[in-house]
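Hi,

Here is the structure we talked about. Please open it first, then read my notes below with the model on screen.

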Amino acid sequence: MDRKSTPDLSTDVSTVPKVSTSSTGSPPAGAPQALATVAVVGLGTMGTGIAEILTRAGREVIGIDIDDAAARRAVAALEASTARAVRRERVTERERQDALARFRTFRDLQAAAEADLVIEVVPEEYELKRQVFTALDGIVRPDTILATGTNALSVTRLAADSAHPERVLGLHFFNPAPAMKLVEVVSSVLTAPAAVTAVTGLARELGKDPIAVGDRPGFVADGLLFGYLNQAAAMYESRYATRADIDAAMKLGCGLPMGPLALLDLIGVDTARTVLEAMYAASRDRLHAPAPILGQLAEAGLTGRKAGRGFYTYEAPGSAVTVPDERTPTATRDLDAGRTVRSVGVAGSGTMASGIAEVFAKAGFQVVLAARSLEKAEAAKARIAKSLDRSVAKGRLTAEARETALAAVTAAGSLESFSDVDLAVEAVAEDLGVKQQLFATLDKVCKPGAVLATTTSSLPVVACARATSRPQDVVGMHFFNPAPAMKLVEVVRTVLTADDVHATVRAVCAQVRKHPVDCGDRAGFIVNALLFPYLNNAVKMVQEHYATPDAIDAAMKLGGGYPMGPFELLDVVGLDVSLAIEKVLHAEFRDPGLAPAPLLEHLVAAGCLGRKTGRGFREYARR
């Protein structure tokens, strides 16, 4: 979604040149003749991008916009992009000139009279779109396909209000249209299969990856994306975490190209609110009810990058460069006095424990790695050695540094070895009873002033703290797997955590080259609280037979820039682990929309837990 422009809805042809596919020559040799002439109604950012794709693919493109300035910007944008392509030797100057000649702009819808396909990308207002389609009914040929670029409004309703509903469908490109590969082809119950086939073929010829979806607000990609964005806005509004920490957490913890609040600014806060309102009207799911802050920002004109201010403040309207404002943290944030940490104890023998121990050892800390037996601790240290060997083989670590790091790790078969550590980090099973018992032991064996940290991803940190006689020394340090590679650490402060303990952990994170983000002690912290409702909603889409796992994964990777689709990720994380986290979120927030999808529960009950069992949402070869 993006800024869209409004076309002139009049049909006065007195000042409009007749459009003909032969007026500037036919498409180049070898170009498909089907849908050879395409009209794009609305030359905002998205309309201009679509026009560029079509023009460069050999189509005759008729750009229509009532705003002459928008038309001039569209022409200038095409001139600039094709000039860059020439400089990069992707096209010749002759090809560039031919492409520019195929793009003409008009103020009047009558210019679409000879178009084989009309793509409407005007603002997300139903009445405006209806007027466009009604006017086009009296202008274009009966066989012309009419496509709406909406991602929030009902394609079926637009079709039903049209004189020829069978030719109306949705054609949802993603911003920036020239770069993004996904196109959602949206059919209503009235759409003729031939129209779907024609635009799907066109999308492929344009180098896009089309997926066929039914008509529901948001379709696949935005249907999942906007719920997640809405939850992030609500999280920020509640002052649970700062905008910078929320965005950093999702980028570093999930590998996303942008944080949710920065993405809302790019999309447009007003646009996001419109999409969410349409989604909520259809679903009545509270997760889709627009966060009040979206309405407040929109009403104040703080709509994001296009206005120069939204969740962030920008150098100028339309700029991507952020500038400091009153919500920017001061430089003294991390300078509070903390406690000295030279030695670290890591409790556990699994992958996470060995990974965390490796992180501290490589950063120069003396590390005690304690497990339930010396044998298990030695096995965990051997895992560290193999990981360090891989780093040496890949040139990321010198042989000398490898030896130094491994020598810094001492394996131990009892927590008694933590008697002199400055920081004790538990990384044992995600079971509250087990963790509480461990913290009770740490309370007895660790010296006064030692910081006690839990790596839990979903359990209440304060419950661990209350198992000790020094809850002020307890804090959450949620590392992400694999700990040596992932840069994020969620620093979880309870209502009892001392200021100097919080400062100590942030300083330690900097020493081990991790990025700390602050959050309060509530279920899911930042990442899981935003990630798992999104995953759960993806499962609901499959459960409702709206889309397949393959289509949904493709939509989120191609349309959202996600490194993995939701079902790929669920199978990697483990469906049992995912279900447990979703149950914790539902139990804490009591929101019906957070209730785990029954399909997920059924798969877990059947023992289909993902890659580790060979079957989850997909089947995998047994190792």
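This is a predicted model: local features need pLDDT of at least 70, side-chain atom pairs count only at pLDDT 80 or more; totals for chains, interfaces and linings use all residues.

**Helix packing around H18**

Helix H18 (residues 527-543) packs against helix H20 (residues 566-573) at an angle of about 115°, and their axes are 10 Å apart. Helices here are DSSP runs of H or I with at least four residues, strands are runs of E with at least two, and both are numbered from the N terminus. Axes are lines fitted to C-alpha atoms, for helices over the stretch in contact, and angles run from 0 to 180 degrees between N-to-C directions. H18 and H20 are therefore roughly perpendicular to each other. The cut-offs are these: under 35 degrees is roughly parallel, over 145 roughly antiparallel, 65 to 115 roughly perpendicular, and the rest oblique.

The H18 and H20 crossing is left-handed. That term applies if the near helix is turned anticlockwise from the far one by less than a right angle; clockwise is right-handed.

Which residues meet? On the H18 side they include Leu531, Phe532, Leu535 and Val542. On the H20 side they include Pro566, Phe567 and Leu570. Contact means heavy atoms within 4.5 Å.

H18 also meets helix H22 (residues 598-605). The axes of H18 and H22 come within 8 Å and cross at roughly 90°. That makes H18 roughly perpendicular to H22. Val539, Val542 and Gln543 in H18 meet Pro598, Leu599 and Leu600 in H22.

Now look at Phe567, which lies in H20. Phe567 counts as buried, because its relative accessibility is 0%. Buried means under 20% relative accessible area, exposed means over 50%, and partly exposed is in between (1.4 Å probe, protein chains only). Leaving aside neighbours within four places in sequence, Phe567 is in contact with Ala538, Val539, Val542, Pro549, Ile552, Asp553, Phe617 and Arg618. Phe567 and Tyr546 are 21 residues apart along the chain, and their C-alpha atoms are separated by 15 Å.

Residues are numbered from 1 along each chain as its sequence is written, and side-chain values use heavy atoms, with hydrogens and water left out.

The mean pLDDT of the protein is 92, and 94% of its residues reach 70 or more. Over residues 1-33 the pLDDT is below 50, yet this stretch has 88 contacts in the model beyond near neighbours in sequence. pLDDT is the predictor's confidence in each residue, from 0 to 100.

Helix H12 (residues 351-362) and helix H13 (residues 374-393) cross at roughly 60°, and their axes come within 9 Å. That makes H12 oblique to H13. Their crossing is right-handed. Thr351, Ser354, Ala357, Glu358 and Lys362 of H12 make the contact with Ala380, Arg383, Ile384, Ser387 and Leu388 of H13.

**Two buried residues**

Asp222 sits in helix H7 (residues 221-237). Is Asp222 buried or exposed? Asp222 is buried, with a relative accessible area of 4%. Its side chain makes a polar contact with the side chain of Asn151 (2.2 Å). A polar contact is a pair of N or O atoms within 3.5 Å; within protein, one must be able to donate a hydrogen and the other to accept it, and residues adjacent in sequence count only if both atoms are side-chain atoms.

Ala465 lies in helix H16 (residues 461-465). At 0% relative accessibility, Ala465 counts as buried. Ala465 touches Pro471 and Val474, not counting residues up to four places away in sequence.

Most residues other than glycine have a negative phi, and most peptide bonds are trans. Check these exceptions.

- A cis peptide bond joins Asn175 and Pro176, with omega about 0°. Pro176 is in the loop between strand S6 (168-173) and strand S7 (182-187).
- Asn481 and Pro482 are also joined by a cis peptide bond, with omega about 0°. Pro482 is in the loop between strand S14 (474-479) and strand S15 (488-493).
- Arg284 has a positive phi, near 55°. Arg284 is exposed, with a relative accessible area of 56%.
- Arg513 has a positive phi, near 60°. Arg513 is exposed, with a relative accessible area of 69%.

Best wishes
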